Amino acid sequence: MLVLGLAGLGYFAYSPAGGHLEKARELAFRRDFRGAMGEYEAAIVELGRDESAAAREVRAVALRSAADLSYLHLTDYVKAARLYRDLSERYPDRPETFQARANLADILRDHFHDSRGALAQ
């Protein structure tokens with residue numbers, strides 16, 4: 001789930017934000033999940049308020065990857081829920097959003113005992 005395909009990200013693959021994504025992928029592969037999370041967060045911060053198509057692509061990948069990392073490896077369910085919700089609100093039409101909402105529903109149901117919130121997803 002954490003494998004990133006940077007080929008379609010255009011010039012951002014070589015930008016500082018794209019560099020953070022690549023470094024995060026390498027750290028996650030080496031099972032340094034906290035280090036990878038720092039790189040995903042750095043990529044999101046690096047993008048700032050840039051809303052270009054390339055920045056939106058990188059941000060969506062970073063949000064999804066950080067959320068998956070929080071949920072599956074760091075068991076930080078609060079952070080994972082926040083990141084999944086951010087992804088689904090910012091980018092409702094992206095392919096990643098369907099799985100993000102399913103994961104958010106699982107977190108709400110299983111870890112926060114919020115059945116209504118889970119059903120709303």
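**Close-up 1. The salt bridge between aspartate 68 and arginine 64 in the predicted model.** The closest N and O atoms of aspartate 68 and arginine 64 lie 2.8 Å apart. Because the two residues are four positions apart in helix H3, about one helical turn separates them. Aspartate 68 and arginine 64 are both buried. Side chains of opposite charge can pair when their charged atoms come close. A search of the whole structure finds 10 salt bridges.

**Close-up 2. The salt bridge between arginine 90 and aspartate 86 in helix H4.** The closest N and O atoms of this pair are 3.1 Å apart. The two residues are four apart, about one turn of the helix. Arginine 90 has a relative accessibility of 38% and therefore counts as partly exposed; aspartate 86, at 25%, also counts as partly exposed.

**Close-up 3. The salt bridge between aspartate 106 and arginine 109.** The N to O distance is 3.3 Å. These residues are three apart in helix H5, so about one helical turn lies between them. Aspartate 106 is partly exposed, with a relative accessible area of 26%, and arginine 109 is partly exposed at 40%.

Close-up 4. The buried residues of H4 are Lys79, Ala80, Ala81, Leu83, Tyr84, Leu87 and Ser88.

**Close-up 5. The largest nonpolar core.** Of its 32 residues, those touching the most other members are Leu21, Ala36, Tyr40, Leu69, Tyr84, Leu87 and Ile107. Helices H1 (16-29), H2, H3, H4 and H5 each give two or more residues to this core, and H3 provides the largest share, 10 residues.

Notes:
Residues are numbered from 1 along each chain as its sequence is written. This is a predicted model: local features need pLDDT of at least 70, side-chain atom pairs count only at pLDDT 80 or more; totals for chains, interfaces and linings use all residues. Side-chain values use heavy atoms; hydrogens and water are left out. Buried means under 20% relative accessible area, exposed over 50%, partly exposed in between (1.4 Å probe, protein chains only). A nonpolar core is a set of buried Ala, Val, Leu, Ile, Met, Phe, Trp, Tyr and Cys residues joined through side-chain atoms within 4.5 Å. A salt bridge is a side-chain nitrogen of Lys or Arg within 4 Å of a carboxyl oxygen of Asp or Glu.
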